[in-house]
Amino acid sequence: MENINLLKKIEAAKIKQKAGKVLEADKIFQELLISNSDSFDLLYAYGLFCKEIRNFNLAKKVFLKLIKNFPSSINSYILLAEILRMEYKFNDAEKVLQKAIKTDPNHGDLLYNFSLLYFACRKLDNALTYINKAIKISINNDIYKILKSEIYINKFNFDEALKILKVLKNNVQKDNNK
């Protein structure tokens, strides 16, 4: 199947899903998977679909296949680790992220996900270390800074949290005045 045609059909499945027609979306994905089971775009979209409909077991299998077939795709590791974190399988999530960091140690979203993981399992010093690394790489990512302020709040360091939030507020106000 031509790649453009495949992408159009993937988009059609996403539209069905967003419209609440999950079974129709799944049918499209199933038909596509018959002849395109090694397509990165299809597997990635299907993995996201399974994750969003909370079919975590199938989503994990899809992301594992993506990691095996496309080991340089950091987002596959991140999404697998995110599911494991949601299932409270913190050690497994950490192992997945550790494999990913060997591929790309300076990936901001990967470092952010390490921080989220450590935050979830209350290893706040580790969470702070990783979010600082992520912020250093992606200085303008406000989501990272919000997590950092939340970590400080959980460490009962309200002054540092407030400093971060004030800077973010001032930046928003500056943007609104442009």
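Modeller: This is a predicted model. Let us begin with H107. Leaving aside neighbours within four places in sequence, H107 is in contact with I74, N75, I78 and I137.

Biologist: Where does H107 lie?

Modeller: H107 lies in the loop between helix 6 (90–103) and helix 7 (108–120).

Biologist: Why does H107 count as buried?

Modeller: Its relative accessibility is 19%. Buried means under 20%. H107 therefore counts as buried.

Biologist: Now two helices. How do you know how helix 9 and helix 10 run relative to each other?

Modeller: Look at the angle. The axes of helix 9 (residues 142–154) and helix 10 (residues 158–176) cross at roughly 160°. Angles over 145 degrees count as roughly antiparallel. Helix 9 and helix 10 are therefore roughly antiparallel. Their axes come within 7 Å, and the crossing is left-handed.

Biologist: Which residues meet there?

Modeller: Helix 9 brings D142, K145, I146, K148, S149, Y152 and I153. Helix 10 brings F158, E160, A161, I164, L165 and L168. The residues of this contact divide into eight nonpolar, one polar and four charged.

Biologist: What makes a group of residues a nonpolar core?

Modeller: Its members are buried nonpolar residues such as Phe and Ile, joined through side-chain atoms within 4.5 Å. The largest nonpolar core here has 55 residues. Those with the most contacts inside it are F29, I131 and I151.

Biologist: What does F29 touch?

Modeller: Not counting residues up to four places away in sequence, F29 touches I10, A13, L42, A45, Y46 and F49.

How values were computed. Residues are numbered from 1 along each chain as its sequence is written. This is a predicted model: local features need pLDDT of at least 70, side-chain atom pairs count only at pLDDT 80 or more; totals for chains, interfaces and linings use all residues. Side-chain values use heavy atoms; hydrogens and water are left out. Buried means under 20% relative accessible area, exposed over 50%, partly exposed in between (1.4 Å probe, protein chains only). Contact means heavy atoms within 4.5 Å. Axes are lines fitted to C-alpha atoms, for helices over the stretch in contact, and angles run from 0 to 180 degrees between N-to-C directions. Helices (H or I, at least four residues) and strands (E, at least two) are DSSP runs, numbered from the N terminus. Angles under 35 degrees count as roughly parallel, over 145 as roughly antiparallel, 65 to 115 as roughly perpendicular and the rest as oblique. A crossing is left-handed if the near helix is turned anticlockwise from the far one by less than a right angle, and right-handed if clockwise. Ala, Val, Leu, Ile, Met, Phe, Trp, Tyr, Cys and Pro count as nonpolar, Asp, Glu, Lys and Arg as charged, and the others, Gly among them, as polar.
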